[in-house]
Amino acid sequence: MEDVIFLGFNLHAWITIITVLAMFTVLLFTKLRSDVVFLAAIAILFVTGVLDAKEAFSGFSSTSVVIIGVLFVVVAGLTYTGVLQWIVKHLLGQPKTYSSTVVRLMLPVAGLSSVLSNTTVVALFVGIVKMWSKKLGISPSKLLIPLSYASGMGGVCTLIGTPPNLIISGLYADKTGTTMNVLATMLPGLFCLFIGVLSIIAMRKLLPDRKAPEAAFEAASDYTVELLVPTDNEHVGQTVAEAGLDHVKGGSLIELVRFDQEVISPVPADEFIMGGDRLVFAGQIDEMLDVKKTHGFVNADHHVFTTDEVEGNRQLRTAYVTFGSSLIGTTIGGSDFEQKNNMTLVAVARRGKRIEQSPREVVLQAGDTLLWECPPKLKVNTDELKARLQFFDSEELPNISKKTMVSTLIMVAMVVLSALNVIPLLQCAFLAAIAMIITNCCNVDQAMKSINGSILMVFAGSVVLGLAIQKTGIAERLAFGILEVCGDNPLLVMAAVCFVGTFITEFISNTAAGAMFFPIMYEAAIKMGYEPYTFLIALMISVSSSFATPIGSPTHMLVYGPGGYRFSDFIRIGFWMNLIILAANLLITNIIYPLTPLQ
């Protein structure tokens with residue numbers, strides 16, 4: 001059966017094609033975890049005999065995947081010692097024009113992203129940029145897209161800056177026995193960054209001027225009503241449910257404050273009402289005032305919530321619903337989310353405007369901004385919350401200390417020793433991770449928790465998919481197809497593959513795109529008689545250049561909610577950015593690394 005040929009592909013090739021297409025479809029249109037999807041794809045390729053056991057699990061022993069895992073520990077050391085905090089504090093400043101603001105923002109972010117996780121850098125800068133933009137009188141939406149773009153363009157400047165670079169360079173090393181320098185992409189990456197910064201400034205009018213989502217939450221007294229229960233009220237002694245307060249029209253009871261200052265939140269339906277209690281409602285103000293009339297309550301002397309002054313036993317925090325969150329399409333009132341996390345939903349905003357509806361009855365959408373009443377020490381970085389919400393102030397970094405300098409020196413030494421080929425990158429990464437632990441820049445528990453198994457599963461799966469595409473002859477067949485269309489013109493072939501790679505990565509993981517296009521680009525270069533090095537450098541930059549959709553990069557998702565963006569906002573400027581960076585990439589890569597015929 002394996003030898004049966006249909007449309008130029010054998011059975012194993014068709015199994016691989018169907019598996020890859022099915023995997024991408026599932027990733028695009030379902031909420032299944034990406035690591036589970038990749039694991040299922042590997043299982044299918046193994047069970048059907050496309051790959052043997054060694055090949056199916058080769059991704060887990062891939063050098064590039066191991067390096068990524070070890071780098072998680074190195075980044076943990078930098079994070080826990082406050083390196084990012086120091087950089088933010090000393091580099092942003094107080095620029096006077098939009099152009100200088102963009103430069104002061106994008107360059108440090110790109111520099112950090114060249115050696116650190118893009119997601120980590122953007123998560124830190126989101127809150128900083130929002131405060132910074134307020135001081136400068138600029139809408140955050142004018143800066144948050146450039147922030148995300150800068151992290152992506154900076155990441156391609158080193159092999160360790162973005163996963164596709166590691167994956168592609170690792171596959172190249174496996175094929176040729178030649179290891180790429182860790183700074184191989186630095187010069188073309190810097191040129192593309194320079195062009196990108198100029199393009200952002202030139203196309204600033206395409207950046208939306210959106211109202212920040214939390215601007216709808218600036219005056220808490222506008223959406224909370226506090227009512228006092230008189231001692232002779234007829235509902236004294238009844239439960240919340242018996243008094244009909246568990247489901248009130250247009251809002252919800254979010255907090256009960258006893259006369260002795262005991263705070264009950266969330267308020268269970270079987271909680272008894274006592275004289276002197278203060279009841280805090282959130283929702284539509286006119287509806288809430290009707291409760292006052294129907295239940296015989298009176299006005300309390302002040303509002304419990306203010307954004308400028310929150311009592312020590314609770315605090316207001318804003319978060320947004322992430323893409324892929326299990327909260328999408330649900331209501332908070334229809335789940336036990338509040339009870340499980342000891343949080344109470346106060347209000348919901350969408351695209352910068354508070355929704356005039358009972359917040360617990362709002363059907364949530366990706367990007368919705370939620371205002372929560374929380375305990376002061378709520379841990380917002382738990383797996384439960386991170387999978388559903390992104391808090392604006394979730395990055396809690398320590399104060400600057402001598403360990404800040406130690407962790408910085410460790411990181412610099414790792415990059416320099418690897419760049420000078422004194423020690424291979426894998427060994428450098430291991431030494432740096434060990435040094436971070438020995439010097440107590442992070443402890444063993446922090447180091448182990450920093451290793452994201454889900455991400456490693458995706459990376460390993462990407463390597464295996466690339467292997468299957470090559471082994472079954474798909475890459476060779478596609479390479480021949482591209483050559484038939486483009487002829488033997490190497491620049492045209494390079495441009496064609498990079499163009500498709502740039503737009504494919506808008507919808508799938510850039511790691512998966514890198515692994516998928518590596519064998520195609522490699523085979524095409526070999527068929528034309530050229531050394532694949534130049535082609536692969538261009539591919540690295542292309543598959544990390546996803547600017548046109550918010551789902552094209554995790555960092556776009558991080559800024560989508562805080563910026564109050566719409567999906568079309570990314571398309572308006574991102575489509576042109578894709579084309580501009582593609583052209584810049586092809587130009588500079590061929591200047592720095594001229595095409596070399598195979599010997």
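Where does Val422 lie? Val422 sits in the loop between α14 (402-419) and α15 (425-438), where helices (H or I, at least four residues) and strands (E, at least two) are DSSP runs, numbered from the N terminus. Before I go on, please keep in mind that this is a predicted model, in which local features need pLDDT of at least 70, side-chain atom pairs count only at pLDDT 80 or more, and totals for chains, interfaces and linings use all residues. Residues are numbered from 1 along each chain as its sequence is written, and side-chain values use heavy atoms, with hydrogens and water left out.

Val422 is exposed, with a relative accessible area of 52%; buried means under 20% relative accessible area, exposed over 50%, and partly exposed in between, with a 1.4 Å probe and protein chains only. Together with Val412, Val416, Leu417 and Leu420, Val422 forms a nonpolar patch on the surface, with about 430 Å² of accessible area. Patches are made of residues with over 30% relative accessible area and no salt bridge, like charges being joined within 9 Å and nonpolar side chains (Val, Leu, Ile, Met, Phe, Trp, Tyr) within 5 Å, and accessible areas come from the Shrake-Rupley method with a 1.4 Å probe, only the protein chains shown counting as cover for residues.

Turning to the protein as a whole, there are 23 helices and 10 strands, and 55% of the 599 residues count as buried.

Next come the charged pairs. A search of the whole structure finds 3 salt bridges, each being a side-chain nitrogen of Lys or Arg within 4 Å of a carboxyl oxygen of Asp or Glu. One of them joins Glu55 to Lys471, with the closest N and O atoms 2.7 Å apart; Glu55 lies in helix α3 (residues 53-56) and Lys471 in helix α17 (residues 453-471), so this pair ties together parts that are 416 residues apart in sequence.

Which residues do salt bridges that share partners join into one network? To build that picture, Arg258, which is buried with a relative accessible area of 5%, pairs with Glu271, the closest N and O atoms being 2.5 Å apart. Asp277 also forms a salt bridge with Arg258, again with the closest N and O atoms 2.5 Å apart, and Asp277 lies in the loop between β3 and β4 while Arg258 lies in the loop between β2 and β3, so the pair ties together parts that are 19 residues apart in sequence. The network therefore consists of Arg258, Glu271 and Asp277, and Asp277 is buried, with a relative accessible area of 0%.
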